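Work through the exercises below with the sequence and the model side by side, trying each task before reading its solution.

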Amino acid sequence: MAVVEYHPTAYRTHTLGQIQESGAELLATEVKICGFMEAARGKGKICFMDIRDGTGRCQIFFKEGAVDEHTLAQAQNLSRESTVQVIGMVAEKRPPKVAEGEPTPPPTYEVVASALNVITEAMTPLPLGVTDTVSVGLDTRLDNRYMDLRRSHVSAMFTLRSRVLQYGREHLITEGFKEINSPKIIASASEGGTNLFPMMYFDTPAFLSQSPQLYKQLTILGGMERVFEIGPAFRAENHDTYRHLNEFISFDIEGAWMDDDDVMAVQERMINHIWQSVADNDQDQIDIINQYRISQDEQPITVDVPSIPFPRIEYCDAIKMIQDSGANISWGDDIESSHCDIIAAIHPGFHFLPRWPMAMKPFYIHHITGEDGATGEQLSRGFDLNYGRDEMTSGGQREHNVEVLEENLRNKGLDPADFSFYTDGFRYGAPPHAGWGLGVARLLMALTGARNVRETVLFPRDRQRVTP
RNA sequence: GCCCGUGUGGUGUAGCGGUUAUCAUGAGGGGUUGUCGAUCCCUUGACCCGGGUUCGAUUCCCGGCACGGGCGCCA
């Protein structure tokens, strides 16, 4: 992971993180620092102020004599979450009293203030307390996300989200994938099936894209070999669950000269790399989340790097597994949430579900004629990746033969003519190819133990919420 | 969209056909303190909206709105 360097800015010479990390070298150095005022203790001749910036926390010590009376009073009466700029000297903090026999903790650092500049004063009361021990409802948190984000475990969640995307990118680049951006305003349904959000594109009716699928494929037809995209997808579905949003970030790949097994292998290598990198670099963020979880009487989470290959449970075997447990399901039925619970009881971690019936998969999924399931019906080269009961990914080998593609479209009740912008791309030489789309928010849920996808999305969009 | 449940200070909660409506956290004031989940004292602030039943509704009933859980569908 790259080393981060914070250069001085117009407002500060050092970050609070730098003061804690390099306090020993900075002793007796004058620094200018900024932050949100988290807590102020002391009403007499002294005041201890904890401030927080995006890199860490620091205690500021105000004392009579070092600052004038007005400054001391200002520090003592400042409302929580006000933003301040402080000038002072770095000093070693007096160690806290430790019980007999306890080891002395390593030195920490503070700033002895000589000047305080209140940048903006926070209104009171706060819509939710940043450091309060009371729990806050999700709706209140989302309505006031700017304040919720100041809470350390929430901040840790989005730091991890950034890292997960970074490690995912990193891995795919090492396997030769190039990052692309496909249009989100489209003229027609890209897959059929789900409901799209209609919109007006000047005078032309258009839609928000539900998936980059067809565009990824066009880049493969264009010879780009291996591509990935991390971008939004929009679905106008009336679902209302812990794992659905109407706008979500889809992490997609597509690769030429590959089949479904090949891209499953890419995916498990990528997830393994992400988990391994988080375990190596980001335990501090996991610790912050765990500290909060413990305060809420929840089990702490551990980053268990999943070993590869992940288990593969073919559709036919999954149906058998579900039937054996006593549930009522027949070949050709969808595997529903309650069925996923049955599989998850046996395979609690990541597992692939390959070889679904062709009838249940979209038109662009490839099938090998004669590759039939238990009841003699055509299987596809489509697969899912689940973590526990939750679907993370849908993917597969794509159909590269234009005649078969058009036949598939007709079989799904779609008119090939509506897809000519896409099917025409297959008429001039087409490589076999495969890919998948992964829900980033769901992957974060798997990593962090979040039980609601809204925890892993900054400003979620669901049926009831378009704001903030 | 369907089924079930819940709406009480800023936040999170307890509770009840007639209460001084509980507790925590916060906010305001003060005391003490090189503090560090600071602490102690005082003060402050709430029953989602509309209709009905009732002598009386925050409590019961109906409707609305909002939220939570489950399901369908999906990533």
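**Exercise 1: The RNA strand**

A polar backbone atom of T393 lies 2.7 Å from a sugar or linking oxygen of RNA strand B, where a polar contact is a pair of N or O atoms within 3.5 Å; within protein, one must be able to donate a hydrogen and the other to accept it, and residues adjacent in sequence count only if both atoms are side-chain atoms. The model is predicted: local features need pLDDT of at least 70 and side-chain atom pairs pLDDT 80 or more, while totals for chains, interfaces and linings use all residues. Side-chain values use heavy atoms, without hydrogens and water, residues are numbered from 1 along each chain as its sequence is written, and chains are lettered from A and ligands numbered from 1 in the order in which they are written.

Task: find which residues come nearest to RNA strand B, and which element gives the largest share of the surface near it.

Solution. Begin with the 50 residues around RNA strand B, of which K43, F61, R243, M392 and R442 come nearest; a residue is near if one of its heavy atoms lies within 4 Å of the strand. Of the atoms of RNA strand B that come within 4 Å of the protein, sugar and phosphate account for 51%. Finally, turn to the elements, which are DSSP runs numbered from the N terminus (helices H or I, at least four residues; strands E, at least two). Strand 2 (46-53), strand 3 (56-63), helix 4 (138-143) and strand 14 each supply at least two residues of this surface, and the largest share, four residues, comes from strand 14.

**Exercise 2: A covered helix**

Task: decide whether helix 7 (residues 213-221) is mostly covered or mostly open, and say what its buried residues pack against.

Solution. First apply the classes: buried means under 20% relative accessible area, exposed over 50%, and partly exposed in between, with a 1.4 Å probe and protein chains only. Seven of the nine residues of helix 7 are buried, and the helix is mostly covered; the buried residues are Q213, L214, K216, Q217, T219, I220 and L221. Then look for their partners, which are strand 10 (226-234), strand 11 (247-256), strand 14 (390-398), helix 13 (420-423) and strand 15 (433-439), contact meaning heavy atoms within 4.5 Å. Just after helix 7, G223 takes a positive phi of about 85°.

**Exercise 3: Backbone exceptions**

Task: locate the cis peptide bond from T124 to P125 and the one from I308 to P309, then decide whether W257 and R355 are buried or exposed.

Solution. The bond from T124 to P125 is cis, with omega near -10°, and P125 lies in the loop between strand 5 (109-120) and helix 4. The bond from I308 to P309 is also cis, with omega near 0°, and P309 lies in the loop between helix 9 (283-295) and helix 10 (315-324).

Turning to phi, W257 has a positive value near 60° in the loop between strand 11 and helix 8 (260-281), and W257 counts as exposed because its relative accessibility is 56%. R355 has a positive phi of about 60° in the loop between strand 12 (350-354) and strand 13 (382-387), but R355 counts as buried because its relative accessible area is 12%.
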